[in-house]
Amino acid sequence: MCLNKRFAMGALLFACLSFILAGCGDYAGSGGGGVGVSYQTIGGIASKGPIEGATVIVWQLVNGQKGAKLGETRSLPDGSYRLAIPATSGPVLVEVTGNSTATYLNENNPTGPRVPFIDPNQGFRAAVPDIATARTIAVTPLTEAAVQIATNPAGSITGIKSANAQLSNLLGVDIVATLPNNIAVNQISDINNGQDKYGAYLAGIQKQITAVNTVEKIISDIVTPIVANQPLGDAGTNFLSAVNAVISDPSINPTGMTILPDSITIQGAINIPIPVPDADTVLPAAPTGLSAALDSDKTVRLAWSAST
């Protein structure tokens, strides 16, 4: 009787142990998402000034519309975010929105209280044409402007690459892949550096904000003429003036270099429409029928069919 009880207890323990190990094996192998699922990590920054505690959601884009939600997280005090999403390719949208605890740093008053960022309908987006090649994605008012340019006039997010390039070329900085420096805290070390320059642009936008002239209006004032293929006009003048005021402040820019490297390009866009980048080109197919022959004079002669 005692032997039977011991045998039954041993069998029960063995069964439990097998179940636990099987569960652990599945979790460890898949990150909790099922056997065979692989993941990729992306990160970036959510910045107006830096936004703490914002809701960050990564969406798959299907025919220019939001599809499956790939992941969600919250931004840290410096605005940075990082999350794992299922490994995939193709276009995605990173969306940063407010919530009851989110706040941002007013770069024109960096020692003052952080500003609530609580409206879930308030926020910024960034779109990339292929998440497989994009590991760092900044989400800022300028990337939001690019999404709005890519969205118009069809109502779906198309032309992502062109819109990102149009603003990046204008400003002399990759608005998606570059992480802006919080220049109100870290100061400018080199205005020619992309991170410092990007930080100056965001501080310039922040400098223009009033109760009437909201960040949404500032973005719209930039987007509207670009979509209409018109010069930036007053929107460009106001933006450039604000950025110049930022980089002329020695408490922000102690370098003494107060000439914005891309001011000529921006100044030009005030009076002339911003050029639309060339359409994507398709690489030619590899040549076929390649052959080599050695002539009697020891010259190698190549022959092939032309690519298309």
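Predicted model: local features only at pLDDT ≥ 70, side-chain atom pairs only at ≥ 80, totals over all residues.

Colleague: Where in the chain do Asp 262 and Lys 197 sit?

Modeller: Asp 262 is in the loop between helix H7 (234–247) and helix H8 (263–271), while Lys 197 is in helix H5 (residues 194–208). They are 65 residues apart, and the pair links distant parts of the chain.

Colleague: Is Asp 262 buried or exposed? And what about Lys 197, buried or exposed?

Modeller: Asp 262 has 13% relative accessibility, and the cut-off for buried is under 20%, so Asp 262 counts as buried. Lys 197 is at 5% relative accessibility, so Lys 197 counts as buried too.

Colleague: Why would two such side chains pair up?

Modeller: Side chains of opposite charge can pair when their charged atoms come close.

Colleague: How many salt bridges does the structure hold?

Modeller: There are 6 salt bridges in the structure. One of them joins Glu 95 to Lys 66, with 3.4 Å between the closest N and O atoms. Glu 95 belongs to strand E6 (residues 92–97) and Lys 66 to strand E4 (residues 65–74), so this pair ties together parts 29 residues apart in sequence.

Colleague: What is the accessibility of Glu 95, and of Lys 66?

Modeller: Glu 95 has a relative accessible area of 17% and is buried. Lys 66 has a relative accessible area of 43%, which makes Lys 66 partly exposed.

Colleague: What else does the charged end of Lys 66 do?

Modeller: The charged end of Lys 66 sits over the ring of Trp 59, 4.6 Å from the ring centre.

Colleague: Which residue does Lys 69 meet in a salt bridge?

Modeller: Lys 69 meets Glu 72, at 2.8 Å from N to O. Lys 69 is partly exposed at 47% relative accessibility, and Glu 72 is partly exposed at 43%.

Colleague: Changing topic. How many aromatic pairs are there?

Modeller: A search of the whole structure gives 3 aromatic pairs. In one of them, the rings of Tyr 104 and Phe 117 have centres 6.3 Å apart and planes at 85 degrees, so the pair is edge-to-face. Tyr 104 is in strand E7 (residues 103–104), and Phe 117 is in the loop between strand E8 (115–116) and strand E9 (123–128), so the pair ties together parts 13 residues apart in sequence.

Colleague: Are those two buried or exposed?

Modeller: Tyr 104 counts as buried at 7% relative accessibility. Phe 117 is buried as well, with a relative accessible area of 0%. The ring of Phe 117 also pairs with that of Phe 124: the centres are 6.2 Å apart and the planes are at 20 degrees, so this pair is stacked. Phe 124 is buried, with a relative accessible area of 2%.

Colleague: Now the nonpolar core. Which residues touch the most other members?

Modeller: In the largest nonpolar core, which has 73 residues, those are Ile 137, Leu 171, Ile 175 and Tyr 201. If neighbours within four places in sequence are left aside, the contacts of Ile 137 include Gly 43, Tyr 81, Val 94, Val 128 and Val 176.

Colleague: Why do such side chains collect there in general?

Modeller: In soluble globular proteins, nonpolar side chains tend to be buried together.

Colleague: And Gly 236, where is that?

Modeller: Gly 236 is in helix H7 and counts as buried at 2% relative accessibility. Not counting residues up to four places away in sequence, Gly 236 touches Ile 266 and Ile 270. Gly 236 and Gln 267 are 31 residues apart in sequence, with their C-alpha atoms 7.4 Å apart in space.

Colleague: Last one, the whole protein. What are the totals?

Modeller: The protein has 8 helices and 12 strands. Of its 308 residues, 41% count as buried. Among contacts with a separation of 6 or more, 64% are between residues 24 or more positions apart. The accessible surface is about 16300 Å², and 59% of that surface belongs to carbon and sulfur atoms.

Technical notes
Residues numbered from 1 in each chain as written. Heavy atoms only, no water. Salt bridge = Lys/Arg side-chain N within 4 Å of Asp/Glu carboxyl O. Helix = DSSP H or I, 4+ residues; strand = E, 2+ residues; numbered from the N terminus. Buried < 20%, exposed > 50% of the residue type's maximum accessible area, 1.4 Å probe, protein only. Core = buried A, V, L, I, M, F, W, Y, C linked by side-chain atoms within 4.5 Å. Contact = heavy atoms within 4.5 Å. Phe/Tyr/Trp six-rings, centres within 6.5 Å; stacked < 30°, edge-to-face > 60°. Lys NZ or Arg CZ within 6 Å of the ring centre and 35° of its normal. Areas by Shrake-Rupley, 256 points an atom, 1.4 Å probe, with all protein chains shown as cover.
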